[in-house]
Amino acid sequence: MAEHKGKTARGSGGESELVFVALGGLGEIGMNSYLYGLGPSTARKWLMVDLGLTFPNANEPGVDIVLPDLRFIEGERENLAGLLLTHAHEDHIGAVLDLWPKLKCPIYATPFTAGMLNAKVAENGGRVKLPINIVKLGGRFNIGPFDLELVTLAHSIPEPSAVVFRTPHGTVFHTGDWKLDATPLIGQGSDDKRLQELGAEGIDVVICDSTNAMRQGRSPSEVEVAASITKIIKGAKRRVAVTTFASNVARIRAVADAAVASGRQLVISGRAMHRVIRVAKDTGYLPEDLSALDHQQFGYIEAEKVLLLATGSQGESRAAMARIAEDDHPAITLGKGDLVIFSSRPIPGNEVSIGNIQNNLVKLGCEIVTDSDALVHVTGHPRRDELKQMYTWLKPKLVVPMHGEPRHLNENAKLAREMGVPATQVAYDGQMLKLLPGAAKHIDTIPIGRKYRDGKLIIPSGEGPVRERRRLAVAGIVMVAVAIDERGEVVADPDVALDGVPIETMDGRPMEDLVIKTVDATLDSMAPKRRKDEDHVRDAIRRSVRAAVDQAWGKKPIVKVLVCLV
Ligand SMILES: [Zn+2]
Ligand SMILES: [Zn+2]
């Protein structure tokens, strides 16, 4: 493996080549951001494909969202020709608002994706002006030296676009997120004909979605899901609520159609759902006359005449479904005999919060239908038979799996080899591959990482407040303030405050008294001359308080000592 040695040494030599590296998305599902570089290593031009976010894990307390670390491409900013967005899911566009100001490159997106991004800009007060170039579905265009073609596939949001890169060294097919579905309910189906034509033209490399590489078979069509949802709703006797991903326009359409078919009035709750519907109407994916009442009207409609569509299918605590389940929604109440359809599948990590919501709904007397009871949801990613179909059509010489955890990437590579693909290359974030010409190889490693959005700020992940918060969560904090005069005498009683530490010791003594006693004893044991040394006082108190609390409690809290010299 070559070492990263700064701008000019990156790459395998002076010949022109096509390289590929991920800032996120290889080794995780989320935070997708990929870079393609074309030219000799000393004069490469870059194209970024997607700039997404991911959500914090349990070890990242207080973090709102997680963003990729762009330091590598920031250093190459003058060589970055543009940012191309494959579709409008947050794991592909969710970092654009926060990070585009560091890149300031032109953005390219199809109409719905551009509409979703612009809606987010508007909701954020329009502070950032994004230079979005709207490109056609299936369009062919250039960005800098990159000769590109989009191919529309199917997914769980309108306009998922694969990207074809035609270079002097060969052709690469970047799938984006995809599945095969000839009847996706909205928009056109996956362009199977174009895929077959591209296979005939010759595809050298496929960079391919791995999310469902471990799931057998083929995913059902969105049309089958719609039929199943309609059937269930028609059979319901009282109120029906459906919760799904706000961005799943086809599912919104399915539920709206089911409302008409069952003679129910559609009511919509959730800001994100309203935003998506507005963009989908503007771009022609939902009919302008799709009528839905706002949730204020819910209580005025008879039980057997109402159909609620609500956000919160992933257990989000502030979304409509969580509040309804806690009987805490300002306008919506569900109860005995009402039916709630979870038209979704838990994203790993969300199972507990979704389970809590379902339990609360059951306690209210609701019936629950999930995707394990009936066909009420379908994945947006290719299962094994769809991957096989893609490799059969495109006949690539090399497959590089993307959009997956290590086990998904590995399984996708194995499947590609089983299908007769001569070479596969599993790479992770930061590992730069030369894709073309010749055999692919790992030529460099670039710096990558996670950045946190924490309130209004973007902060690094490694050091800093989030690490402190983890420690605070485990063992709490003890704060001590002491005042010492110029002769080294203690001028007032020390003040202490404890947070996240038990109130009493095992024998019932207040923990606070123990801390004060320890501070007094530590100060008493010092000569006045030593007490004039602020650092010495701070260190000595910190060590003795930690030891005393550890002895009483069995845990060492964070101890902060403030010394005021008066
Ligand atoms: Zn997606
Ligand atoms: Zn994705």
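## Close-up views of a predicted model

**View 1. Six strands side by side in an open sheet.** Here 6 strands line up in the order β15-β14-β16-β13-β17-β18, and the pairing is parallel. The edge strands are β15 (293–294) and β18, each of which pairs on one side only. Strands here are DSSP runs of E with at least two residues, helices are DSSP runs of H or I with at least four, and both are numbered from the N terminus. Two strands count as paired if DSSP finds at least two bridges between them. Zoom in on β13 and β17 and you'll find 4 bridges, in the parallel sense. Val242 stands opposite Ile341 in β17.

A quick note before the next view. This is a predicted model, where local features need pLDDT of at least 70 and side-chain atom pairs count only at pLDDT 80 or more, while totals for chains, interfaces and linings use all residues. Residues are numbered from 1 along each chain as its sequence is written, with chains lettered from A and ligands numbered from 1 in the order in which they are written.

View 2. Helix α6 covers residues 222–234, which makes 13 residues. From first C-alpha to last, α6 reaches 18 Å, close to the 18 Å expected at 1.5 Å a residue (the expected span is 1.5 Å times one less than the number of residues). Which residues of α6 are buried? They are Glu222, Val225, Ala226, Ser228, Ile229, Ile232 and Ile233. Down the axis of α6, these buried residues fall within an arc of 165°, so they line one face of the helix (the arc is that of the directions from the helix axis to the C-beta atoms). A residue is buried if 20 or more other C-beta atoms lie within 10 Å of its own, exposed if 12 or fewer, and partly exposed in between, with C-beta atoms placed from the backbone. What do the buried residues of α6 pack against? Their partners are β13 (240–243), α7 (249–261), β16 (306–310), β17 (339–342) and β18 (367–369).

**View 3. Strand β1 and its two partners.** In strand β1 (residues 17–24), 8 of the 8 residues are buried, so β1 is largely enclosed by the rest of the structure. With strand β2 (residues 33–39), β1 pairs in the antiparallel sense over 7 bridges; look for Gly24 opposite Ser33 in β2. Strand β21 (residues 431–436) also runs antiparallel to β1, joined by 3 bridges. There, Phe20 has Leu433 in β21 as its bridge partner.

View 4. Strand β8 (residues 140–143) pairs with strand β9 (residues 146–152) in the antiparallel sense over 4 bridges, and Phe141 has Leu148 in β9 as its bridge partner. How many residues lie between β8 and β9 in their hairpin? There are 2, and Gly144 in the turn has a positive phi of about 55°. Over at the β20 end, strand β19 (residues 398–402) pairs with β20 in the parallel sense over 2 bridges, where Val399 stands opposite Thr424.

**View 5. Gly404 and its surroundings.** Gly404 is found in the loop between β19 and α12 (406–418). Is Gly404 buried or exposed? Gly404 has 25 C-beta neighbours inside 10 Å, so it counts as buried. Leu26 is 378 residues away along the chain, yet its C-alpha is separated from that of Gly404 by 6.1 Å. Leaving out residues up to four places away in sequence, Gly404 touches Ile29, Ser210, Thr211, Ala213, Leu409 and Asn412. Touching, or being in contact, means that the C-beta atoms, placed from the backbone, lie within 7 Å.

Methods: Two residues are in contact if their C-beta atoms, placed from the backbone, lie within 7 Å.
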